[in-house]
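Dear colleague,

Please find below the structure that I promised to pass on to you.

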Amino acid sequence: MEVGMKHYIATFHTHLSAMMTAKNLEKEGIKPSFEPVPRKLSSSCGTCIRFTAGDAYIHLMDRDCEAVYEVVELKNNKEDYVKVADIS
C-alpha cells in the first residue's frame with residue numbers, strides 16, 4: 001500500500017446503491033471490491049464496498065450509502081473500524 005493510502009469500507013441500504021458507488025469510484029481510478037459486511041458493522045443489504053484511497057471520497061457515495069469506515073489493522077491480524085462519515 002502506498003504512503004498516505006488507507007483502507008475503507010462503505011455500507012449501503014441497497015445493492016443498487018453499492019453498485020452505483022462502485023461505478024463512481026471506478027471513474028476516479030479506484031478499484032472497489034464487493035464483500036459481505038463485517039459482523040461488527042451493520043448494513044441493510046449485507047453488502048459493502050472495500051477500497052483503498054487517499055481519502056474516503058464521501059462525495060462519490062450514492063445517496064443510499066449508510067456509512068463509511070476507515071479500516072484499522074490491529075496487531076493480531078484482525079480489523080477494527082472507525083466511522084468516518086454517517087451518510088444516512
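I begin at the surface, where Asp 86 is exposed, with a relative accessible area of 54%; in these notes exposed means over 50% relative accessible area, buried means under 20%, and partly exposed means in between, with a 1.4 Å probe and protein chains only. Please keep in mind that this is a predicted model, in which local features need pLDDT of at least 70 and side-chain atom pairs count only at pLDDT 80 or more, while totals for chains, interfaces and linings use all residues. Residues are numbered from 1 along each chain as its sequence is written, and side-chain values use heavy atoms, with hydrogens and water left out.

Salt bridges

The partner of Asp 86 is Lys 83, and the closest N and O atoms of this salt bridge are 3.9 Å apart; a salt bridge here is a side-chain nitrogen of Lys or Arg within 4 Å of a carboxyl oxygen of Asp or Glu. Lys 83 counts as partly exposed, at 44% relative accessibility. By this rule the count comes to 5 salt bridges.

Another salt bridge joins the side chains of Glu 70 and Lys 6, at 3.9 Å from N to O. Glu 70 lies in strand 4 and Lys 6 in strand 1, so this pair ties together parts that are 64 residues apart in sequence; helices (H or I, at least four residues) and strands (E, at least two) are DSSP runs, numbered from the N terminus. Glu 70 is partly exposed at 22% relative accessible area, and Lys 6 is also partly exposed, at 35%.

Asp 80 and Lys 40 form a salt bridge too, with their closest N and O atoms 2.9 Å apart. This pair links distant parts of the chain, for Asp 80 is in strand 5 (residues 79–86) and Lys 40 is in the loop between strand 2 (33–36) and strand 3, 40 residues apart. Asp 80 is partly exposed, with a relative accessible area of 29%, whereas Lys 40 is exposed at 59%.

What is the relative accessible area of Phe 12? The value is 0%, so Phe 12 counts as buried.

If its neighbours within four places in sequence are left aside, Met 61 is in contact (heavy atoms within 4.5 Å) with Ala 10, Thr 21, Leu 25, Phe 51, Ala 56 and Val 68.

One further residue

Phe 34 lies in strand 2, and with a relative accessible area of 45% it is partly exposed.
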